[in-house]
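Trainee: I am new to this structure. Can we walk through it together?

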Amino acid sequence: MTTTRKTPLATDETGANGQVEGAQPSNSQLETAPETIHHLLDVDALSRAQIETLLDSSEGMLEVLGRDLKKTPALRGKTIITLFFENSTRTRISFEEAGKILGADVINVSVSASSVSKGESLYNTSLTLQAMQVDALVVRHPHSGAPHFVARHVKAPVVNAGDGLHAHPTQALLDLFTLKQRIGALDGKKIAVIGDVLYSRVARSDILGLAKLGADVHVSGPPTLMPSGWQPGAAPVEPGMESVTIAKRIEEALDGADAVMTLRIQRERQDAGHLPDLREYSNLYGINKARLALAKPGAPLMHPGPMNEGVEISSEVAHGDQSVVEEQVRNGVAVRMAVLYAVCAAGKEQE
Ligand code: NCD
């Protein structure tokens with residue numbers, strides 16, 4: 001994936017052959033963003049410069065999304081397959097819309113993970129897709145590391161659309177993008193991340209991305225829903241998270257925060273005993289008007305969706321003035337356009 005500082009995608013900036021003028025980095029752009037990444041598997045593999053370049057590029061994509069005539073031929077002739085082994089509505093549609101706006105052919109494949117043995121299915125599927133000469137593969141899987149496995153067996157770029165408890169890099173990028181749009185540069189900004197960190201791939205990718213952009217991240221959630229070794233008052237014992245604080249009390253995390261991210265309770269992933277009572281959880285960690293008032297006035301409230309209203313977030317704040325949940329969804333399309341464009345353009349350079 002070669003990312004350039006700006007990726008102008010105006011319909012009138014594309015030539016008859018669908019090439020995007022300006023897609024090739026100029027010398028000065030190469031000086032600032034020389035890194036090339038083939039797959040997008042996790043945030044920890046991205047440098048700060050690469051993240052910033054993708055966010056810059058997403059701005060241009062958002063502008064395209066706002067037009068009456070949204071379609072651009074930037075990826076015309078490219079075939080993108082979304083391969084989902086886990087249910088999804090917004091993420092799959094978001095990738096599909098992103099690919100189609102860029103003019104690619106998008107084929108959606110949904111597979112029931114339970115009906116096949118994981119390794120064999122993935123291996124065979126990877127070989128089949130390899131033989132089909134796809135230009136990019138978007139993979140979601142209930143097992144951590146599955147997209148990495150696919151990436152080892154196909155030449156095409158692989159974009160991780162969420163793997164088990166591990167990573168959800170495009171969600172992190174869209175959250176970073178939404179935050180930057182709302183509160184500007186993230187250096188030194190206090191961001192509260194509240195809830196089920198243990199089972200949330202969004203939390204892990206978001207925290208890593210926020211830390212890379214210099215944010216002051218404060219995490220809070222029930223001790224049973226924190227990864228092992230995450231001690232209140234300390235930083236998580238995980239590379240890239242040294243600057244993160246695990247709050248002793250939720251109020252400390254929320255106090256004066258520039259933005260609040262609440263996480264979905266991942267009931268489908270939890271082992272028994274981790275969450276005895278949803279009402280108790282809501283009382284102690286649910287984001288409601290009173291808790292949101294601890295953050296800075298007007299601080300954006302985020303949720304990756306789908307929301308369990310009345311559990312991790314009250315309906316009042318979920319649909320209140322500070323909620324940016326719908327913006328996150330819209331920005332998700334722009335960010336995925338930027339990602340698909342970047343990885344497909346890198347693939348082209350390798351041809
Ligand atoms: C997230 C996911 O699937 O990890 N949702 C999403 O991408 N729309 C968050 C979640 O399910 O909690």
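Trainee: Which residue in S9 does Val260 stand opposite?

Mentor: This is a predicted model, where local features need pLDDT of at least 70, side-chain atom pairs count only at pLDDT 80 or more, and totals for chains, interfaces and linings use all residues. Residues are numbered from 1 along each chain as its sequence is written, and side-chain values use heavy atoms, with hydrogens and water left out. Strands (E, at least two residues) and helices (H or I, at least four) are DSSP runs, numbered from the N terminus. Strand S8 covers residues 259-262 and runs parallel to S9, joined by 2 bridges; opposite Val260 stands Leu301.

Trainee: What is the strand order of the open sheet of 5 strands?

Mentor: Two strands pair if DSSP finds at least two bridges between them. The pairing here is parallel. Strands S7 (245-246) and S9 (301-302) are the edges, each pairing on one side only. The order is S7-S6-S5-S8-S9.

Trainee: Which residue in S9 is the bridge partner of Met261?

Mentor: Start on the S5 side. S5 and S8 run parallel, joined by 4 bridges, and Val193 stands opposite Met261 there. In S9, the bridge partner of Met261 is Met302.

Trainee: Are the faces of S8 covered or open?

Mentor: In a regular strand the side chains alternate between the two faces of the sheet. In S8, Ala259 and Met261 lie on one side, with Val260 and Thr262 on the other. All four are buried (under 20% relative accessible area, with a 1.4 Å probe and protein chains only). Both faces are covered.

Trainee: What angle does the direction of H6 make with that of S8?

Mentor: H6 packs on the sheet, touching S5 (190-194), S8 and S9. Contact means heavy atoms within 4.5 Å. Axes are lines fitted to C-alpha atoms, for helices over the stretch in contact, and angles run from 0 to 180 degrees between N-to-C directions. The angle between H6 and S8 is about 155°.

Trainee: How many residues of H6 are buried?

Mentor: H6 spans residues 169-183 and reaches 21 Å from first C-alpha to last. Its buried residues include Pro169, Gln171, Phe177 and Ile183. Just after H6, Gly184 takes a positive phi of about 80°. H6 is mostly covered, and the buried count is 12 of 15.

Trainee: What angle does H7 make with S6?

Mentor: H7 covers residues 201-212. It lies across S5, S6 (216-220) and S8. Its angle to S6 is about 155°.

Trainee: How far is an oxygen atom of the ligand from an N or O atom in the side chain of Arg264?

Mentor: Residues around the ligand include Gln171, Arg201, Arg264 and Gly305. A backbone N or O atom of Gly305 lies 3.0 Å from a ligand nitrogen. For the side chain of Arg201, an N or O atom is 2.7 Å from a ligand oxygen. For Arg264, the distance is 2.7 Å.

Trainee: Which residue in S3 does Phe84 stand opposite?

Mentor: Another open sheet has 4 strands in the order S2-S1-S3-S4, with parallel pairing. Its twist averages 15° from one strand to the next. S1 (79-84) and S3 (136-141) pair over 5 bridges. Opposite Phe84 stands Arg140.

Notes. The expected span of a helix is 1.5 Å times one less than its number of residues. Buried means under 20% relative accessible area, exposed over 50%, partly exposed in between (1.4 Å probe, protein chains only). A residue is near a molecule or strand if one of its heavy atoms lies within 4 Å of it. A polar contact is a pair of N or O atoms within 3.5 Å; within protein, one must be able to donate a hydrogen and the other to accept it, and residues adjacent in sequence count only if both atoms are side-chain atoms.
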